[in-house]
Every structure is written in C-alpha cells, then in structure tokens.
Amino acid sequence: MAKKVAQFPHFLGIGAARAGTTWLSKNLGSHPEIWIPLIKELHYFTRSAKYEGPSQLIDANPFKRLFSQKKPYSKYRRVARRAIARNIARPSLRRLKWDANYLLRSPGDNWYKSLFVQGFGKVTGEITPRYSMLDEDDIQALKALIPQVKLIFIMRDPVERAWSLVKFHAKRNNVPLDSLSSAELQRRAFADVIVQQSDYEAILARWRAVFPKEQLLEIHYDEISERPDALMRRIQSFLGVTEYGLTDPETQRKINGSFESTMPADLRAALVAHYRPMVERLSAAEGGYFTRWLDGYRDASISMPAFVAQSSGVSIETLSP
C-alpha cells in the first residue's frame with residue numbers, strides 16, 4: 001500500500017456565502033472519488049486581520065484561540081464544541097485525529113497540507129466562501145503555493161444574497177425580523193463583509209488577473225434550482241472525476257436554507273440601487289444570469305436613503321455572535 005503523503009488540495013470553493021456552497025460541499029463530499037474535510041470553511045488563506053470578519057485562525061497559538069474571550073475566537077470555540085460533540089456521538093479515531101490536528105496545532109503551510117492526508121489518492125478540496133475576499137497579492141501567493149489548484153466560484157443575485165444573510169444571522173441570534181426597524185435592516189444588509197463579497201465585478205477581476213480561465217469555474221446559484229444534476233456534472237467534469245451527477249439524495253432540496261420572509265420593499269429598493277450598476281456592467285459584458293438578475297430589478301424603485309450610499313459600518317461581528 002502506498003504511503004500517504006501530505007499534498008495541498010486540488011480545488012478550492014471560494015464563495016460566495018449563502019450562494020449554494022453548502023449544497024456544493026454536500027455533493028462533492030459524497031462523491032466516491034472526492035475527499036473534503038468534515039469541517040467546512042477552514043479559513044487558512046483568510047486568517048489575516050486585514051480581512052473583514054477575521055478567521056478563527058488569526059492567532060497561531062491554539063490555547064489563545066481556545067481560551068481567549070475576544071472575537072473571533074468564539075467561532076473557533078463553536079467549531080471545537082461541534083467537533084467534541086461529533087466524537088462523542090459517533091466515536092471515530094480517524095475523525096478525532098483530524099479534529100485534534102486542525103484545532104490544536106499552529107497553522108502553517110505544512111499543517112495545511114496535513115489536513116488533506118486522509119484524502120490521499122482522491123481529489124481533495126475545501127470550501128471557504130471568505131476566500132473570495134482575498135486581495136491580488138494574496139491570490140498571487142496562493143497561486144505560487146498551489147499553482148494548479150482549481151477554483152469554484154458560485155454567484156447569487158446580490159440583492160437576494162444580502163437578504164438571505166440578514167435572515168440567516170437574525171435566526172442564528174434569535175432576533176425576530178419584525179423587531180428590527182427599516183433603518184436597522186438596511187444597516188445589516190449593507191454590512192461591509194456582505195457588500196465586499198457581493199462585489200462580483202471586483203472579485204472576478206482579481207482572480208482572473210492571476211489564474212487562467214481553465215482553472216476558474218464560475219457558476220450561478222440559480223442553476224442549483226433549475227438544473228442541479230447538469231450543474232453537478234459540469235462541476236465533476238471540471239474536477240476530472242466521474243460524472244455521476246447529484247450524489248446525495250438530500251441535495252434534491254435546498255440545504256441550509258433560511259426561513260421564508262418577504263423582503264421589505266424599501267430594503268429591496270436600496271439594495272437594487274446599490275448593486276444595479278455593477279450588474280448592468282456584468283450583463284453587458286457576459287449576459288446570462290447577470291441579465292436575468294437585471295431584468296428582475298425592473299419592478300424595484302431605485303431611490304436610496306443617503307446613509308446607505310456609504311459603508312454602513314456594520315461588521316460581521318455585529319451580525320454573528
């Protein structure tokens with residue numbers, strides 16, 4: 001039997017959040033030729049404090065991450081609690097070793113490679129939506145480290161994505177949406193991290209400037225509901241594995257969906273006003289779903305309160321515990 005050798009992942013899912021990355025993770029993880037970690041969102045490449053909503057790996061000292069009461073270590077402890085619960089509910093030495101390696105060692109390139117040893121012989125990868133926020137210098141560094149890595153970027157109508165995130169964080173924090181004023185909803189929807197991850201024009205420009213088009217697969221959230229099997233076959237073809245289509249029966253439905261609630265008209269108008277110019281440019285350049293999103297904006301007023309024109313100043317820590 002060949003000795004297992006630590007290797008960098010073959011692919012990365014780079015975003016966007018609330019755009020189908022959990023659906024992608026579930027399907028890829030159930031493919032017999034693909035291995036991805038049980039923990040989604042490793043955050044290795046976004047552990048710098050310069051990124052909005054810094055990674056739980058921002059400090060190399062695992063004991064500080066475990067015991068510090070400062071954010072963002074609360075997320076790190078939440079990941080640790082879930083890992084402990086998994087190992088109690090379904091004891092597995094293999095899983096315990098992986099969790100201990102991720103949670104208790106200091107991050108570095110060799111450590112990152114070691115996270116994929118259990119997938120030796122398969123196509124390995126991980127999905128961290130925050131990677132879409134990497135600046136061009138860090139994208140260059142990533143390419144130097146893993147020059148042949150394949151990248152998957154899922155885009156969702158930025159208006160709908162912002163509302164989905166507002167609902168998601170309200171549900172996580174047990175905050176009733178009807179208790180939030182119109183101004184508060186808008187501040188949350190225009191949180192810096194949401195706006196930055198919805199700037200597809202800038203994101204695509206950065207990644208396309210570094211990686212050739214054959215290494216970057218751009219897909220759209222709409223395809224998950226319209227043609228999920230065909231979409232999954234396209235992704236599998238891109239990764240060079242057998243094209244089985246949907247591999248997890250549960251993925252015939254939405255995964256990790258937020259509860260249904262109609263977006264207030266004034267919030268929709270403000271979001272459309274903000275994102276419409278970008279979507280217009282992408283529609284003119286590339287058509288497709290960008291044009292469909294643009295068509296959907298026609299019923300929204302484009303008047304926007306003045307305070308929304310600037311950054312709302314809301315950080316991800318405001319939205320998440």
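What percentage of the 321 residues in the protein chain is buried? Buried residues make up 52% of them. The model is predicted. The chain's secondary structure comes to 15 helices and 5 strands.

**Whole chain**
- The protein chain exposes about 14,900 Å². Carbon and sulfur atoms supply 54% of that area.

- Strands of a sheet pair through backbone hydrogen bonds, either parallel or antiparallel.
- Here, 5 strands form an open sheet with parallel pairing. Read across the sheet, the order is E2-E3-E1-E4-E5.
- The edge strands are E2 (34–35) and E5 (216–220). Each of these pairs on one side only.
- Strand E1 covers residues 11–13, and strand E3 covers residues 123–127. They run parallel and are joined by 3 bridges. Leu12 has Glu126 in E3 as its bridge partner.
- E1 also pairs with E4 in the parallel sense, over 3 bridges. Here Phe11 has Lys150 in E4 as its bridge partner.
- Strand E4 (residues 150–155) pairs with E5 in the parallel sense over 5 bridges. Phe153 has Glu218 in E5 as its bridge partner. Met155 has His220 in E5 as its partner.
- Both of these strands are mostly covered: E4 has 5 of its 6 residues buried, and E5 has 4 of its 5 residues buried.

**Helices H1 and H12**
- Helix H1 spans residues 21–29, and helix H12 spans residues 228–239. Their axes come within 11 Å. They cross at roughly 65 degrees.
- The crossing of H1 and H12 is right-handed.
- H1 brings Trp23, Leu24, Asn27 and Leu28 to the contact. On the H12 side are Pro228, Leu231, Met232, Ile235 and Leu239.
- Which classes of residue make up this contact of H1 with H12? It has 8 nonpolar, 1 polar and no charged residues.

**Helices H13 and H14**
- Helix H13 spans residues 265–286, and helix H14 spans residues 288–296. Their axes come within 8 Å and cross at roughly 145 degrees.
- H13 and H14 make a left-handed crossing.
- From H13, the contact includes Arg268, Arg276, Val279, Glu280, Leu282, Ser283 and Glu286. They meet Gly288, Phe290, Thr291, Trp293, Leu294 and Gly296 in H14.
- By class, the contact of H13 with H14 has 5 nonpolar, 4 polar and 4 charged residues.

**Tyr44**
- Where does Tyr44 sit? Its place is in the loop between E2 and helix H2 (62–67).
- Is Tyr44 buried or exposed? Tyr44 counts as buried because its relative accessibility is 1%, and the cut-off for buried is under 20%.
- Tyr44 touches residues beyond four places away in sequence. They are Leu57, Pro107, Gly108, Asp109, Trp111, Tyr112 and Tyr131.
- Asp109 is one of these contacts. Tyr44 and Asp109 are 65 residues apart in sequence. In space, they are 9.0 Å apart, C-alpha to C-alpha.

Methods: Residues numbered from 1 in each chain as written. Predicted model: local features only at pLDDT ≥ 70, side-chain atom pairs only at ≥ 80, totals over all residues. Heavy atoms only, no water. Pairing = 2+ DSSP bridges. Helix = DSSP H or I, 4+ residues; strand = E, 2+ residues; numbered from the N terminus. Axes fitted to C-alpha atoms, helices over the stretch in contact; angles between N-to-C directions. Left-handed = near helix turned anticlockwise from the far one by under 90°. Contact = heavy atoms within 4.5 Å. Nonpolar A, V, L, I, M, F, W, Y, C, P; charged D, E, K, R; others polar. Buried < 20%, exposed > 50% of the residue type's maximum accessible area, 1.4 Å probe, protein only. Areas by Shrake-Rupley, 256 points an atom, 1.4 Å probe, with all protein chains shown as cover.
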